[in-house]
Amino acid sequence: MVIGSHKRLVGHDVQGKVYEAGHHVLRKIDSAYWPEAQSLLQQYQQHNLEKIGIVKTQQADDAGFLSHEKQIISYSSEWAASAFNDAVLFHLQLFLDLDAYGLTLKDALPENILFDGTKPIFVDFLSIIKKENRAKEAWYKEIDPQGKGFNYVIFEKMFLPHMLFPLVVMSRKDYKRARELLWHNACNRGNPATTWYDVVGMQGSFSKVQTVLQTARLYYSVARAERKSFKECCQDVLALVQELDVAPRDGSYAAYYESKKENFSFEDQTEWKEKQKGVYNVLQSHKPHSVLDLGANTGWFSILAAKFGAKVIATDIDESCVDFLYRYAKGEGLNILSLFLSFQDLSRFAFGSGSHDTPLFLPAHDRLQSDVVLCLGLVHHLVLGMNENLEEVMRVLGLLTKKALVFEFVDLNDQLIKEEPGFFSNLSQHSQKTYSLERVLEIGKKFFTRATFLPSHPETRQLIVFEK
C-alpha cells in the first residue's frame, strides 16, 4: 500500500497513524501493537460494536492496516447545541455499552466523535482498550502522578473540562461562551483546558452563576466519588445530563420562511416560485452525493436536497435555526449535518501541534467540500453588509465546490436592499463597477469553467449555476 499517495490526518495516537484515502480512512498500526489491534477487531466483529456507534471498521487488504468508513470532519465548537448534548450522552452510554464486553475507552474527548447526519459516531478505534489493560497506559502516569485512578483521569482531566463544562455553559444559553471554550481550549490545541473559573466567570446575574456553580459541583462530586465504580459514575452523570435543556429559544430568523411565505410543501410544487424550481432542477440533473447549503436558515433547501438522497451539510450563524434543523432532521431521519459556521469561519483553522502542511484542525473549505454548493440569499449580505471582498468570496466558494455552485445574485436595485439599508452598512462603497452581475461572472470565470442562468424571484434576483 502506497501511503505517500494518501493525505495524513494529524492526531495523537501513539499506536498508529491515520490517512485519508478516498471514501475511507486508513489507520496504519504500529507493528508492536498490531496483535492487540487484531484482538480488538475480533471483539468488534464478534459483538457487532458498530451497532453501539463505533465507526464501521475492517482489516484492510494489507497487513498492519485498518480501514474505517469515512465521515465528514466537523468540530464540537460547530455542532448544534442539541447535537453537542447528544454527543455527551452518546459518549457516556458508550462507556456503559463497552463495559458489558470487558472494554472501555482510554480517553473522553469530543474530538473522537463525528456525526453521520444526526447520528454520533465514535471514530478513534484505538481508543478502545480492554479494561484489564488500563494500568498499562503509560501516559496516565503523566496526568495522574498521585495515582488517583481511572475515574480521576477520565472524568476530572477529560470529561469535565472538554465536555461537561461547555455543556453547563450551553444550558445557561451562553452559546458564544461555550463555543469559545470548545474551540480555544480543545485538547492538544496548546491552550489550557477549561477550568472552574471559565465556567463561573461568565457574565450574568448572581442567580445564573449560582446555578452554574451548583450544577457543576454536582457533576464534580459525582465524577470524583471514590466510593463509586466507574460504571456508577457514568450512570449518575448520564442521568444529570439528561435533565439539561440546551436547546436555544426561537430567534428572529426561526420563522424566516413563514414570514416570506416560502415554507412550501415538498410534495406539492404548484405554489413554488422560480427559485425553488431552479434549485430542484439542479438537484435533479446533477444527482449530487453531497450538498452544502450555506446560510441555510431553518433549512428548506437542505431538506429538499436530503429528500433527493444527498448527504447534506447546512451552515448558519443563528443558534435557533441551526438547532431547529438538527432536531428536525433527527426527527425525520434526514441525513443533514447542521453546523454553526459563519462564512468567515470557512477558512479558519488552528495549527495545534500539527504543522502548516498538516494542521491539527482543518479549515472548513477542505472538510466540507461538496458536489453541489447552494449559496442563496447570502453574498449581498457578505459584500454590501460585511464588506467582504467579492473575489475572495468566489475563491472560497470555488474551493468548496466539487461540481456545481448554485449562486443567487441580488442586485443593487433589489427591494430588500433599498428598503432596509441598515442591513447593508457598506452599501455606499459599492457601485455597478464593484458589485454587479457582470462582475460576478467575470470573477467566476477564474474558479469555474461554465455559467448558466436560471430565473429567480423577484426580477432583481438571478440564479447562476457555476460548474467546474
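**Exercise 1. Find how strand E14 and strand E16 pair, and over how many bridges.**

Step 1. Locate the strands. E14 covers residues 401-410, and E16 covers residues 461-467. Strands (E, at least two residues) and helices (H or I, at least four) are DSSP runs, numbered from the N terminus.

Step 2. Apply the pairing rule: two strands pair if DSSP finds at least two bridges between them. E14 and E16 have seven bridges, in the antiparallel sense. The model is predicted: local features need pLDDT of at least 70, side-chain atom pairs count only at pLDDT 80 or more, and totals for chains, interfaces and linings use all residues. Residues are numbered from 1 along each chain as its sequence is written, and side-chain values use heavy atoms, with hydrogens and water left out.

Step 3. Pick out a residue pair. Phe-409 has Gln-462 in E16 as its bridge partner.

**Exercise 2. Describe how E15 meets E16, then decide how covered E16 is.**

Step 1. E15 spans residues 450-455. Six bridges join E15 to E16, and the two run antiparallel.

Step 2. Look at the link. A hairpin of five residues connects E15 to E16.

Step 3. Check one pair. Leu-463 in E16 stands opposite Leu-454.

Step 4. Turn to burial. Buried means under 20% relative accessible area, exposed over 50%, and partly exposed in between (1.4 Å probe, protein chains only). Six of the seven residues of E16 are buried, and the strand is mostly covered.

**Exercise 3. Work out the strand order of the open five-stranded sheet and name its edges.**

Step 1. The order is E1-E2-E3-E5-E4, with antiparallel pairing.

Step 2. E1 (7-9) and E4 (57-59) each have a single partner strand, so one side of each lacks a neighbour in the sheet.

Step 3. Axes are lines fitted to C-alpha atoms, for helices over the stretch in contact; angles run from 0 to 180 degrees between N-to-C directions.

Step 4. Zoom in on one pair. E3 (residues 24-29) and E5 (residues 65-69) run antiparallel, joined by five bridges. Val-25 has His-68 in E5 as its bridge partner.

Step 5. Place the helix. H1 (residues 34-46) packs on the sheet and touches E3, E4 and E5. The direction of H1 makes about 130 degrees with that of E4. Contact means heavy atoms within 4.5 Å.

**Exercise 4. Compare the span of helix H4 with that of a straight helix, and locate the kink.**

Step 1. H4 covers residues 150-171. The expected span is 1.5 Å times one less than the number of residues. For 22 residues, a straight helix would span 32 Å.

Step 2. H4 spans only 27 Å between its end C-alpha atoms.

Step 3. Find the bend, the angle between axes fitted to the seven residues ending at a residue and the seven starting there. A kink of about 65 degrees lies at Phe-159, shortly before Pro-161.

Step 4. Check the surroundings. H4 is largely enclosed by the rest of the structure, because 21 of its 22 residues are buried. Phe-159 counts as buried because its relative accessibility is 1%. Among the residues that Phe-159 touches are Val-88, His-91 and Ala-108. Phe-159 and Ala-108 are 51 residues apart in sequence, yet 5.4 Å apart in space, C-alpha to C-alpha.

**Exercise 5. Count the disulfides, and say where Cys-234 stands.**

Step 1. A disulfide is a pair of cysteine sulfur atoms within 2.5 Å. The structure holds zero disulfides.

Step 2. For Cys-234, the nearest cysteine sulfur is that of Cys-233, 7.0 Å away.

Step 3. Cys-234 counts as buried because its relative accessibility is 0%.

Definitions and conventions: Lists of a residue's contacts leave out its neighbours within four places in sequence.
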